[in-house]
Amino acid sequence: MVYCPECDNDLDIDEEEVDEGEVVSCPECGSDFEVITVNPIELKPVEDEEEEEEEEEDEETEDGDYS
């Protein structure tokens, strides 16, 4: 059994039905997770693209590049 790392809901994922790199969603909280390994199933939270873009912009301004 695989549980959502965010809300502990049973995700009902079968090891034979998912592949590494596949993204699965929790029906309870809506969080997305990438499958890191399939045996045993290990999940990693997927970052939103907007969050990644904001982090990249913040890194550029922290480097002193204000042009």
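**Close-up views of a predicted model**

**View 1. Lys-44 counts as partly exposed, at 42% relative accessibility.** Partly exposed lies between buried, under 20% relative accessible area, and exposed, over 50% (1.4 Å probe, protein chains only). The model is predicted, so local features need pLDDT of at least 70 and side-chain atom pairs count only at pLDDT 80 or more, while totals for chains, interfaces and linings use all residues. Residues are numbered from 1 along each chain as its sequence is written, and side-chain values use heavy atoms, without hydrogens and water. The side chain of Lys-44 forms a salt bridge with that of Glu-34, at 3.9 Å from N to O. Since Glu-34 lies in strand E2 and Lys-44 in strand E3, the pair ties together parts that are 10 residues apart in sequence. Glu-34 also counts as partly exposed, at 25% relative accessibility. The search of the whole structure finds 1 salt bridge (a side-chain nitrogen of Lys or Arg within 4 Å of a carboxyl oxygen of Asp or Glu).

**View 2. Strands E1 and E2 form a hairpin with 6 residues between them.** Strand E1 covers residues 23-25 and strand E2 residues 32-38; the strands run antiparallel and are joined by 3 bridges. Strands are DSSP runs of E with at least two residues, helices runs of H or I with at least four, and numbering starts at the N terminus. Pairing requires that DSSP finds at least two bridges between two strands. Val-23 has Glu-34 of E2 as its bridge partner. Gly-30, in the turn, has a positive phi of about 85 degrees.

**View 3. A hairpin with 2 residues between its strands is formed by E2 and E3.** Strand E3 spans residues 41-45 and pairs with E2 in the antiparallel sense over 5 bridges. Pro-45 in E3 is the bridge partner of Phe-33.

**View 4. The largest nonpolar core has 11 residues.** Its members are Val-2, Cys-4, Leu-11, Ile-13, Val-18, Val-24, Cys-26, Phe-33, Val-35, Ile-41 and Leu-43. Strands E2 and E3 each supply at least two residues of this core. A nonpolar core is a set of buried Ala, Val, Leu, Ile, Met, Phe, Trp, Tyr and Cys residues joined through side-chain atoms within 4.5 Å. Apart from its neighbours within four places in sequence, Val-2 is in contact (heavy atoms within 4.5 Å) with Asn-9, Asp-10, Leu-11, Asp-12, Ile-13, Ile-41 and Leu-43.

**View 5. The count of disulfides comes to 0.** A disulfide is a pair of cysteine sulfur atoms within 2.5 Å. The closest cysteine sulfur to that of Cys-4 belongs to Cys-29 and is 3.7 Å away, too far for a bond. Cys-7 is in no disulfide, and its nearest cysteine sulfur, that of Cys-26, is 3.7 Å away. Cys-4 is buried, with a relative accessible area of 0%, whereas Cys-7 is partly exposed at 31%.

**View 6. The chain contains 1 helix and 3 strands.** From the N terminus on, the elements run β-β-β-α. Of the 67 residues in the chain, 18% are buried. Among contacts between residues at least 6 apart in sequence, 17% join residues at least 24 apart. The accessible surface of the chain comes to about 5,400 Å², of which 36% belongs to carbon and sulfur atoms (Shrake-Rupley method, 1.4 Å probe; for residues, only the protein chains shown count as cover).
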